[in-house]
Structure formats: structure tokens, C-alpha cells
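Subject: Handover of a protein model

Dear colleague,

Please find below the structure that I am handing over to you. I would ask you to keep it open while you read the notes that come after it.

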Amino acid sequence: MIHAANSQLFRVSVVVPARNEEQNIAWVLDRMPSEVDEVILVDGNSDDGTIAAAQRSRPDIIVVHQTRRGKGNALACGFQRATGHYIVMIDADGSMDPVEIGDYLAALVDGADYAKGSRFTSGGGSDDITALRRLGNAFLNVTTNVLFRSRFSDLCYGYNAFTRECLEAFALPDPHTAGVAQWGDGFEIETMINIRVARSGAAVREVPSYEYERRFGQSNLNTFRDGFRVLRTIVTERFTTAPQAVATATTTASRPAFVLDLD
Ligand SMILES: Nc1nc2c(ncn2[C@@H]2O[C@H](COP(=O)(O)OP(=O)(O)OP(=O)(O)O)[C@@H](O)[C@H]2O)c(=O)[nH]1
Ligand SMILES: [Mg+2]
């Protein structure tokens, strides 16, 4: 629970997508700050002891089995299960430190609808980025910011927190549609929700974050493949998806209307 400005108490949910993170998950769960009320582990058919390790470390953890494949579907399943007013998304590989959750919550309590982690804003950083990736990221940020009039410094980073009203702006594919993959089920999820939030008129605030290398296990990153996926996501979102406005805390409280003339 966390006190909002008007001293109202808000529940905090954390959603952790995990596939084969047996060696990393305890580190993540053990570092959850006390404000966190519920942790939802969304398992991606792990064939190691991820679930058992998570339950040992945090007996009250809620385990959800995802309905299709991919990190995007995992997050959609986790968000649907989350009951908190504030929802945090964080990886299970130890690359993101849960201790930072307090900074994200502070931004939300201070009026942001969407607290966006950034490795490239003052106070952020990364152990896991090469010069080439940094250049690719800069290009993808600029492209997005021009196309969507956003101000992201780290479009492709997936450590964020938001009010549950933002779920409407995400407009994620229904987790209960069985079978075939949907747009948003894969790693395009991070770019997709950032773009959709920017277009929704929600108040976005960047929070400095430090990214570590995954603690154990082989990296799944591939600079060119992943870069082109993000570019494809930007183009698809720009030309095939309509902006979705949401009644966020900020917009209902102090803004006269949504700004929807982004096209
Ligand atoms: N439930 C679920 N989780 C997934 C899936 N794919 C990846 N994840 C989790 O999503 C998070 C991010 O995936 P990573 O494999 O770390 O991807 P990355 O950060 O781009 O690459 P590296 O850390 O370098 O391997 C981790 O917690 C993974 O366990 C999936 O299909 N289902
Ligand atoms: Mg990772």
C-alpha cells in the first residue's frame, strides 16, 4: 500500500513475466519493497523450477499460467489478474532492481499516470548496452518521438509502473482468445504500450533506472533482429492503430480535454 497525496491508500501490484528463471527469481522477489501488496508471477511454460523457487521465496505469490506464447501475452495475463491501483511490470532475470519501485511509485503519487523507466536519463544507466545498441536505441527514440510527439529517452526498456486506468490505453489483445498469436503477444509489447500511452494523453514521467546484465542464463538479445522488430512495431502502430484516449487521473482532474490531434 502507498499513500497518495490526499492520504488515500492505494494497493500496489507487481507483474513478473518469467520463463526459465529458476536461478534469478528469488533475487528479484527478495528485493520487493514493503509497499508491494501482491506479486503476480506469469509463467511461460518454464521447464525448470521457476515456480517452486518463486513460491519458496514468496509464499503468497500469485502464479498465473499464460494463455498463449510470448512476453506480451504474459504481461496481458498478469495485468488482468492484478488488483492494485498501481501496477508495476518488471523482468524476472535480475536485470531490473525492485528496490527502484519506490521511485516509480513516487512519480505516480506525484501525479504521473505512467512512470517510464529510462536508462538514458540523468541517474540511469546500464551494464548491458553496447555502443551499437545505444545508437540503435537513440534512432528508435527519435523516430518515435517525431511520429507520436512523445519525449521518450528509452522506448525499448520494459521496467515501468502505471495507474490501472492506463490498461485501457494499452488495449492489449484478450488473453482468453485461445490459440493463434496476436499482435502484442511478443516482445513488441514494450514499444507498443509506450506508444499507446503517449497517444492516449496520459501523463508520462521518466524515472531513472539502472539495468544490469541478466544474473544467470544466456542472453536472448539480438541487436539487429530486435532493432528491426521495434522499428516494425513503430510503423505498425503509426499506420494501423487508432489512438485510444483514457480517463486518467491527471486528465480528469486538471486537463480540459484529451489532445487527440496527433495524426
Ligand atoms: N511468461 C513469459 N515470460 C517471458 C517470455 N519470454 C521472456 N519472458 C520473461 O521476460 C523477461 C524479459 O526477457 P529476457 O529473456 O530477459 O529478454 P531481454 O531482457 O530482452 O534479453 P536478455 O536479458 O539479454 O536475455 C524475463 O523475465 C523473461 O523470463 C515468455 O514467453 N513468457
Ligand atoms: Mg533480460
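The notes below describe what was found, beginning with the model as a whole.

This is a predicted model, in which local features need pLDDT of at least 70 and side-chain atom pairs count only at pLDDT 80 or more, while totals for chains, interfaces and linings use all residues. Residues are numbered from 1 along each chain as its sequence is written, and chains are lettered from A and ligands numbered from 1 in the order in which they are written.

Confidence and overall form

The average pLDDT of the protein is 91, and 93% of the residues score at least 70; pLDDT is the predictor's confidence in each residue, from 0 to 100. Over residues 251-263 pLDDT stays under 50, and the model has 13 contacts beyond four places in sequence for them. Two residues are in contact if their C-beta atoms, placed from the backbone, lie within 7 Å. Where pLDDT is low, the predicted coordinates should not be read in detail.

The protein has nine helices and 11 strands. Helices (H or I, at least four residues) and strands (E, at least two) are DSSP runs, numbered from the N terminus. A compact globule of 263 residues would have a radius of gyration near 18 Å, and the 17 Å of the protein agrees with this. That radius is taken over C-alpha atoms, and the globule rule is 2.2 Å times the number of residues to the power 0.38. Along the principal axes, the C-alpha atoms fill a box of roughly 50 × 45 × 40 Å. Among contacts between residues at least 6 apart in sequence, 80% join residues at least 24 apart.

Of the 263 residues, 45% count as buried. A residue is buried if 20 or more other C-beta atoms lie within 10 Å of its own, exposed if 12 or fewer, and partly exposed in between, with C-beta atoms placed from the backbone.

Helix α3 is largely enclosed by the rest of the structure, because nine of its 11 residues are buried. Among the elements that cover these buried residues are β3, β4, β5 (62-65), β6 (86-89), α6 (166-170) and α7 (189-200). One residue of helix α3 is Gly72, which counts as buried with 25 C-beta neighbours inside 10 Å. Beyond its neighbours within four places in sequence, Gly72 is in contact with Gly184, Asp185, Gly186, Glu188 and Ile189. The C-alpha atoms of Gly72 and Trp183 are 8.9 Å apart in space, although the two residues are 111 apart in sequence.

The largest nonpolar core has 63 residues, and Val15, Val16, Val88, Tyr104, Ala115 and Ala161 touch the most other members. Helix α7 gives the most to this core, with six residues. A nonpolar core is a set of buried Ala, Val, Leu, Ile, Met, Phe, Trp, Tyr and Cys residues joined through C-beta atoms within 7 Å. Leaving aside neighbours within four places in sequence, the contacts of Val15 include Leu75, Gly78 and Phe79, which are buried residues of α3. In soluble globular proteins, nonpolar side chains tend to be buried together.

Individual residues in and around the loops

Arg149 lies in the loop between α5 (131-148) and β9 (160-163). Arg149 is not a glycine, yet has a positive phi of about 50°. With 12 C-beta neighbours inside 10 Å, Arg149 counts as exposed. Arg199, in helix α7, is buried, with 25 other C-beta atoms within 10 Å. Arg199 and Arg149 are 50 residues apart along the chain, and their C-alpha atoms are separated by 8.3 Å.

Ala171, in the loop between α6 and α7, also is not a glycine and has a positive phi of about 45°. With 15 C-beta neighbours inside 10 Å, Ala171 counts as partly exposed.

Yours sincerely
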